[in-house]
Amino acid sequence: MRTAHSVADVRAAEAALIAELRRTGPGEDVLMNRAATGLATACAGLLGRVYAARVVLLVGSGDNGGDALYAGAQLARRGARVDALLLNPDRAHARGLAAFRGAGGRVAGDAEVLDRADLVLDGIVGIGGSGGLRPDAAELVLRAELGGGLIVAVDLPSGVDADTGEVVGAAVHADVTVTFGTWKPGLLIDPGASHAGAATLVDIGLGDHLPDPAACALQDADVLVPFGWLLPTADKYRRGVVGVVAGSKTYPGAAVLAVGGALRAGAGMVRFAGPGRVADAVRAAWPEAVVTDGLPSEAGRVQAWVVGPGLGTDKKARRRLAEVLDSDVPVLVDADGLTLLAEAGGSERSAPTLLTPHAGELGRLLQVGPAAVEAARLTHARRAAARYGATVLLKGSTTVVVPPDGPVRVNPTGTPRLATAGSGDVLAGLAGTLLAAGREPVDAAATAAYLHGLAARLAAEPDGAEADLVAPGPVTATDIVAALPAAWRHVAGA
Ligand SMILES: NC(=O)C1=CN([C@@H]2O[C@H](COP(=O)(O)OP(=O)(O)OC[C@H]3O[C@@H](n4cnc5c(N)ncnc54)[C@H](O)[C@@H]3O)[C@@H](O)[C@H]2O)[C@@H](O)CC1
Ligand SMILES: Nc1ncnc2c1ncn2[C@@H]1O[C@H](COP(=O)(O)OP(=O)(O)O)[C@@H](O)[C@H]1O
Ligand SMILES: [K+]
């Protein structure tokens with residue numbers, strides 16, 4: 001699990017560690033020196049040959065600039081030609097600047113050095129930042145970007161909000177980000193995540209001083225293949241019976257895709273309830289589904305419901321949604337189900353509810369526009385979780401899962417290949433089965449998003465989940481369903 005901590009928690013952990021270090025001996029700037037050593041090592045790796053390389057530091061007035069200066073000093077000692085552009089010369093980190101000068105680093109009088117740099121270190125602002133870059137900093141960053149050298153962000157790209165990934169105004173687009181002590185949520189969540197480039201973590205010893213994370217991102221090893229599959233005593237009820245209420249005359253495909261996602265998530269049984277023609281389409285595509293063209297209440301007992309994909313918003317759809325929400329089992333509400341839920345202002349339920357909106361649907365749930373949601377994904381997902389007393393999986397360029405309390409999950413397997421009609425229906429079925437198998441909503445949602453992204457990557461490039469962006473060829477929602485077994489095998493290491 002990749003874990004990220006809030007700025008407040010990072011600061012508290014740093015203070016505790018510094019106090020401990022002071023008791024046992026080492027003096028000033030010891031953490032900053034650890035950070036700078038990790039940073040200089042990463043830069044040396046990127047440069048290949050440090051001797052005679054041209055490095056420029058963009059130095060703000062806080063400790064982030066201090067990191068850059070100490071790292072610049074180390075590179076200068078190894079023979080790099082290092083120039084520092086001080087945004088606020090009177091307030092640059094004094095000891096860092098002295099070390100930098102002592103190592104042969106130079107303070108540049110002109111931004112021209114950016115035009116010829118092999119590598120630019122962005123030490124303008126780190127976790128102490130607020131808002132976008134100030135105009136003078138933004139001008140230098142633009143020049144650095146045009147200069148064509150590699151841009152390495154110190155701790156996080158300046159202008160990105162460390163706690164949320166929000167970017168208000170200008171921000172650095174880094175090729176690489178070297179972050180210290182722990183991940184920051186803003187490096188995992190868009191738009192911040194797309195400013196970070198390839199991000200790496202340098203350990204500075206905060207370990208024991210860090211509390212529970214604010215956000216986590218699953219990795220392969222965290223996705224547990226349901227044990228029930230392997231038990232000789234497994235039966236279809238123990239593996240999970242999921243009910244799917246989806247599709248309409250206009251959108252029969254949504255039902256077919258949601259049922260496909262549910263089946264390929266390993267359901268013991270998928271029960272489907274939908275109107276005649278939709279039921280026929282589901283029967284034809286998935287003979288293994290147990291289909292009724294009656295109401296959800298006539299479908300038989302299930303351990304979780306999925307309601308909403310392609311459902312429509314007419315009177316019949318309302319009735320179906322109401323029946324499902326009245327049940328005492330976990331319910332996943334998606335798509336048209338969310339539009340109806342937004343109209344109703346919510347629903348009182350005894351069992352957990354999982355909402356899976358995209359930005360437009362989340363906007364409807366909160367009466368704000370989709371652009372506002374995209375710009376502040378975590379903030380809005382949190383608001384919806386609180387308002388609706390539900391776990392919220394917000395889809396899009398970074399899928400985030402917000403439980404009513406506890407750490408947020410951020411999905412690392414997402415790929416723009418998923419942005420194809422019907423792929424959300426597959427995700428709904430997939431997450432619904434995991435709910436039916438007894439997973440907590442946050443776990444069901446995060447695991448489903450992880451497998452969904454992985455399946456899209458594997459559909460594009462069966463030989464490697466990592467290669468998805470370079471592999472040619474489009475991926476359809478049906479391809480994602482077909483690749484789900486390969487995604488399970490991938491996480492199981494088979
Ligand atoms: N505290 C510690 O022990 C450690 C801190 N470290 C570094 O210290 C950083 C935090 O340092 P600080 O708390 O001094 O804060 P920062 O250096 O992140 O930023 C504070 C300074 O930036 C200015 N500023 C704020 N928003 C700005 C914006 N949008 N545009 C331009 N300037 C802006 C502020 O006026 C202030 O002078 C971390 O990100 C990390 O790089 C590391 O050295 C590890 C150890
Ligand atoms: N830019 C993107 N990067 C990664 N994933 C994306 C991107 N855009 C959309 N997705 C994913 O694609 C899926 C689309 O779902 P949704 O919007 O519900 O579409 P539909 O209703 O057509 O099925 C979601 O899983 C979402 O997270
Ligand atoms: K920075």
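Guide: The shell around ligand 2 divides into six nonpolar residues, 10 polar and two charged. This is a predicted model, where local features need pLDDT of at least 70 and side-chain atom pairs pLDDT 80 or more, while totals for chains, interfaces and linings use all residues. Residues are numbered from 1 along each chain as its sequence is written, with chains lettered from A and ligands numbered from 1 in the order in which they are written.

Visitor: What makes a residue polar, nonpolar or charged?
Guide: Ala, Val, Leu, Ile, Met, Phe, Trp, Tyr, Cys and Pro count as nonpolar, Asp, Glu, Lys and Arg as charged, and the others, Gly among them, as polar.

Visitor: Which residues come nearest to ligand 2?
Guide: Lys395, Gly414, Leu418, Ala419 and Gly424, of the 18 around ligand 2. A residue is near if its C-beta atom, placed from the backbone, lies within 6 Å of the molecule.

Visitor: What makes E4 and E8 edge strands?
Guide: The open sheet runs E4-E3-E2-E5-E6-E7-E8, with parallel pairing. Strands E4 (106-107) and E8 (198-202) each have a single partner strand, so one side of each is left without a neighbour in the sheet. Strands are DSSP runs of at least two residues, numbered from the N terminus, and two of them pair if DSSP finds at least two bridges between them.

Visitor: How do you know that E6 and E7 pair?
Guide: They share three bridges, and at least two are required, so they qualify.

Methods:
Helices (H or I, at least four residues) and strands (E, at least two) are DSSP runs, numbered from the N terminus.
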